[in-house]
Amino acid sequence: MQHRSLRNAARAGIAVAIVGALLALPAASQQAKGPKTQLWLDVATHSMPGMPDMSSGMGGAAMRMFGGEAMQVHYGSARYAGMPGKYLDIALLNQLNPGREADDLIPAGMQLGKTLPLLPPKAEVKPELGGSTKGMADGNAKARILIYWGCGLTVRPGQPKEIKFEVKNGKVIGDTSAWGKAMQGRYAPDRTVDVGPSYALWPNEKHRKQVPDGGSLVGNHHIVGDKVPESLQFDLSQQQDFMPKIALTSSGDLAGGQTWNWRPVDRSNGYFLNAMGMQDDAMVFWSSSEVPDVGSGLIDYLPPSTVDKWIREKVLLAPSVTSCAIPKGIFAGNGKQAAGGVMQMIAYGPESHIVYPPKPSDPKLAAKWNPEWNVRVRNKSTATAMLGMSVDASEQQMTEDGTPKPPENKAKRLLKGLLGR
């Protein structure tokens with residue numbers, strides 16, 4: 001069953017590549033504005049129920065087996081849901097001396113030594129987004145897409161929405177507007193910095209060690225380097241620390257409907273789930289939204305104000321919600337081919353802004369205010385699970401702070417068998 005779920009996940013990934021042109025996100029990365037010196041920290045906790053952290057011995061062995069160097073932490077790992085563990089991306093733009101190395105003097109609680117080196121990025125070829133069909137047989141394919149939405153075991157009236165299209169010689173043939181007509185088209189505002197040679201980043205080729213499972217950001221952070229303002233140090237509190245893992249469990253099956261349950265995630269402003277997979281010859285998309293939206297663009301950082309707005313519009317789930325069911329049968333095959341797929345969940349966290357010196361309350365002084373630097377810290381917690389694989393409470397034992405303990409469960413025993421340990 002587990003091997004079948006993994007195969008289905010791979011098939012789903014290939015299917016998504018086919019429709020890349022339809023799912024491509026609008027490019028609008030944040031450009032540097034404001035003080036001469038700026039720092040961005042993206043903080044993320046990724047989990048896969050039943051899988052060990054990549055910081056553990058067994059998790060590290062699995063990472064090496066399934067990808068080696070390519071699976072190690074790189075700058076950008078925090079933004080995209082990946083292998084289990086804690087992730088931190090740091091980007092420094094010091095326009096007083098751009099593209100120069102710096103150091104982040106970190107608190108001992110991070111368990112990564114005394115400093116993190118910040119280095120300018122090496123030039124690299126960025127992956128193509130959208131419409132590429134490289135790797136497909138002669139670049140031709142036909143696809144059928146079924147779209148469902150809403151929590152509940154029963155498929156709602158008017159669902160699914162169906163879209164058909166064809167790819168010939170790497171180009172989409174037919175009415176490509178059908179996708180837009182079927183979907184609301186919401187995307188997380190892209191406020192990720194468009195890093196380049198002027199920036200200094202961590203992780204990097206000099207230091208890419210995984211943040212340990214017990215690592216914490218709480219404490220003083222001091223950025224030092226040539227022409228970096230001496231005042232660039234700040235304290236992070238528990239509010240900005242890594243969020244807990246999503247303690248996710250499931251019941252039911254694909255034929256009768258699978259219900260996902262979770263404990264409230266500390267500091268979460270709201271939740272969202274989506275799933276993709278195959279049903280015989282069709283690609284199937286589902287989301288927890290009450291309005292039709294695949295939600296591929298929502299598994300990302302969101303400003304708290306946007307989370308609040310989309311909760312009111314019933315796109316996202318409120319922080320008080322602790323369960324959501326996937327309708328019965330939508331990911332189950334009819335015997336021709338194995339079904340299944342992958343489910344993603346996100347708990348949106350806080351966003352903090354630190355500026356020095358602080359803006360004066362006096363309007364006259366505020367008019368002359370010229371801050372030396374600012375820092376943005378944004379947080380999230382995500383989970384990825386295989387549809388059809390039961391994750392029960394006995395496999396999600398909790399520590400005292402409410403985070404799951406690494407369990408000795410079926411997935412871990414499977415890894416042991418694969419690794420010969």
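The model is predicted. It holds 4 aromatic pairs, 9 salt bridges and 6 cavities of 30 Å³ or more.

**Aromatic contacts**

- Of the 4 aromatic pairs, one is formed by tryptophan 40 and tyrosine 199, with 6.1 Å between ring centres and 40° between the planes, a tilted arrangement.
- This pair brings together distant parts of the chain, as tryptophan 40 belongs to strand E1 (residues 37-47) and tyrosine 199 to strand E8 (residues 199-202), 159 residues apart.
- Tryptophan 40 has a relative accessibility of 5%, so tryptophan 40 counts as buried.
- Tyrosine 199 has a relative accessible area of 7% and is therefore buried too.
- Phenylalanine 234 and tryptophan 373 have ring centres 6.3 Å apart and planes at 45°, so this pair is tilted.
- Phenylalanine 234 sits in strand E10 (residues 233-236) and tryptophan 373 in strand E17 (residues 373-386), so the contact ties together parts 139 residues apart in sequence.
- Both phenylalanine 234 and tryptophan 373 are buried.
- One aromatic cluster is made up of Phe234, Tyr356 and Trp373.
- Lysine 380 is placed over the face of tyrosine 301, 4.5 Å from the ring centre.

**Salt bridges**

- Aspartate 42 and arginine 378 form a salt bridge through their side chains, with an N to O distance of 2.6 Å.
- Aspartate 42 and arginine 378 are both buried.
- A network of salt bridges links Asp42, Arg376 and Arg378.
- Glutamate 290 and arginine 156 form another salt bridge, with their closest N and O atoms 2.7 Å apart.
- This bridge connects two loops: glutamate 290 is in the loop between E14 and helix H5 (304-312), and arginine 156 is in the loop between strand E5 (141-149) and strand E6 (161-168), 134 residues apart.
- Glutamate 290 has a relative accessibility of 34%, so glutamate 290 counts as partly exposed.
- Arginine 156, at 26% relative accessibility, also counts as partly exposed.
- Aspartate 266 and arginine 267 meet in a salt bridge with an N to O distance of 3.2 Å.

**Cavities**

- The count of cavities of 30 Å³ or more is 6.
- The volume of the second largest cavity is about 60 Å³.
- Its lining comprises 14 residues, with Leu92, Asn94, Asn97, Arg100 and Glu101 nearest the centre.
- Strand E2 (85-94) and E8 are the elements that give two or more residues to the lining of the second largest cavity.
- By residue class, the lining of the second largest cavity has 6 nonpolar, 5 polar and 3 charged residues.

**Methionine 283**

- Methionine 283 is located in strand E14 (residues 282-287).
- The relative accessible area of methionine 283 is 5%, so methionine 283 is buried.
- Methionine 283 and glutamate 162 are 121 residues apart in sequence, with a C-alpha to C-alpha distance of 9.9 Å.

Technical notes
Residues are numbered from 1 along each chain as its sequence is written. This is a predicted model: local features need pLDDT of at least 70, side-chain atom pairs count only at pLDDT 80 or more; totals for chains, interfaces and linings use all residues. Side-chain values use heavy atoms; hydrogens and water are left out. Rings of Phe, Tyr and Trp (its six-membered ring) pair if their centres lie within 6.5 Å; planes under 30 degrees apart count as stacked, over 60 as edge-to-face and the rest as tilted. Helices (H or I, at least four residues) and strands (E, at least two) are DSSP runs, numbered from the N terminus. Buried means under 20% relative accessible area, exposed over 50%, partly exposed in between (1.4 Å probe, protein chains only). A charge sits over a ring if NZ of Lys or CZ of Arg is within 6 Å of the ring centre and within 35 degrees of the ring normal. On a 1 Å grid over the protein atoms alone, a cavity is a set of points where a 1.4 Å probe fits but cannot get out, and a pocket is an open set with protein on both sides within 12 Å along at least five of seven lines; lining residues have an atom within 4 Å of a point. Grid points are joined across faces, edges and corners, and a volume is the space filled by probe spheres set on the points. Ala, Val, Leu, Ile, Met, Phe, Trp, Tyr, Cys and Pro count as nonpolar, Asp, Glu, Lys and Arg as charged, and the others, Gly among them, as polar. A salt bridge is a side-chain nitrogen of Lys or Arg within 4 Å of a carboxyl oxygen of Asp or Glu.
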